[in-house]
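Notebook open, model loaded. I want to jot down what I looked up, one topic at a time.

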Amino acid sequence: MGLGDAVDGRVFHVKLPGHDAMARRADEHVVPTRVLLPRRVVDRPARQVAKRLLMALLVLAATVLIVWLDRGGYHDAADDNVDLLDAVYYATVTLSTTGYGDITPYGDSARLTNVLLVTPLRVLFLIILVGTTLEVLTERTREDFRLKRWRTNLRDHTVVVGFGTKGRSAVQTLRATGLKNEQIVVVDPATKVIEIANAEGFVGVVGDATRSEVLLRAELQKARQIIIATQRDDTAVLVALTARQLNRGAKIVAAVREEENAPLLRQSGADAVITSASAAGRLLGLSVLSPSAGTVMEDLIQQGSGLDLVERPVIKAEVGKNVRETDDLVVSVLRGHRLLGYDDPAASPLQLTDRLITIVRVTNESPLDSPQPGTPRPLD
């Protein structure tokens, strides 16, 4: 789709940001698509190999010491004299093979030492070598198994396209409402960004989200909601078009920089569009005109402190009551697909199937622990 193509018979032109270095750098490089699962806390591969090598050397040193201390019980076919070099040679070939027979234990103590000490050390040495080899060979198999299990179990998750400031803030808000890390998949073209998402416990997909195959790797076709927080407005439009084509029923929320691009994004399939630049500008203007009102708005925007704007169902005790008779400060009433203001006569009396948009004060209690009005709850 071009920047000036028609959508539903209407022609829109996307206004591009003037300077966006991050977006340009992302567009200049073709990033291979891959899924990165959060890694378990383990040592780095180099450190693991170093540890195993040190253990093998310690086993070898212990065997050399044992043979050297009991060198009188060994026979060398070459010169009948077992020195330190012979001890190292015997220990090396004994631990790595079954030996060549040129140096043999003939004394009772030497043979007993071989049975009780050298043989167990040989087994331990082989376990270290085989364990290292098997770990290298099975690493890819384990990752493939984890990826397959993740794809099988993933349902009704949230796909976040872009893990910059906007994307991270959106994820923090979702987590505050009770959404688990396993139910969030991050898509971003930068490998370093996905590594940061992995470190925070999220599954990440490296790739260009405007491509269908990248979104399919994020299992977008099974997602419940999609958040588009890209750096460029034209990228957001293309992502919305692709996402809506792959998933007709998911809720798509997108952010744009320029307000004039919001209609195009809605036409592209987004259910809600947030204009970041205009919203920040209005908050700045409000703070100038009324610092107190600006403080209240900032408090509402910040999740998990002070006042919060939440959506909750109507409880049985509120059915039939007026909007103003509820315990919470109701802003709007969601009835079916209609959003009614608190002062709309049709909003009262309340019905059991209604949902209330309320302003509540945040408590220390978890939103999942309390079903009472006045406590923030996760959105359905």
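How much accessible surface does the protein chain have, and what share of it belongs to carbon and sulfur atoms? I get about 22,000 Å², with 58% belonging to carbon and sulfur. Areas are from the Shrake-Rupley method with a 1.4 Å probe, and for residues only the protein chains shown count as cover.

Ground rules before I go on. This is a predicted model, where local features need pLDDT of at least 70, side-chain atom pairs count only at pLDDT 80 or more, and totals for chains, interfaces and linings use all residues. Residues are numbered from 1 along each chain as its sequence is written, and side-chain values use heavy atoms, with hydrogens and water left out.

**Whole chain.** I looked up the secondary structure and found 11 helices and 15 strands. These are DSSP runs numbered from the N terminus: helices are H or I with at least four residues, strands are E with at least two. Of the 380 residues, 37% are buried. Buried is under 20% relative accessible area, exposed is over 50%, and partly exposed is in between (1.4 Å probe, protein chains only). I also checked contacts (heavy atoms within 4.5 Å). Taking those between residues at least 6 apart in sequence, 64% join residues at least 24 apart.

**A four-stranded sheet.** I traced an open sheet in the order β12-β15-β13-β14, with antiparallel pairing. Two strands pair if DSSP finds at least two bridges between them. Which strands stand at the edges? They are β12 (307-313) and β14 (338-341); each has a single partner strand, so one side of each lacks a neighbour in the sheet. Neighbouring strands are turned by 25° against each other on average, direction ignored; the axes are lines fitted to C-alpha atoms. I followed β12 to β15 (residues 355-361) and found seven bridges, antiparallel. In that pairing, Pro313 has Arg355 of β15 as its bridge partner.

**Helix α6.** Which residues of α6 (191-199) are buried? I noted Ile194, Ala197 and Asn198. They cover an arc of only 100° around the axis, so they sit on the same side of α6; the arc is taken from the directions from the helix axis to the C-beta atoms. The face turned away from that buried side carries exposed Lys192 and Ala199. Just after α6, I found Gly201 with a positive phi of about 100°.

**Glu298.** This residue lies in α11 (291-301). Its relative accessibility is 42%, so I put Glu298 down as partly exposed. Ser287 is 11 residues from Glu298 in sequence and 9.4 Å away in space, C-alpha to C-alpha.

Methods:
Axes are lines fitted to C-alpha atoms, for helices over the stretch in contact, and angles run from 0 to 180 degrees between N-to-C directions.
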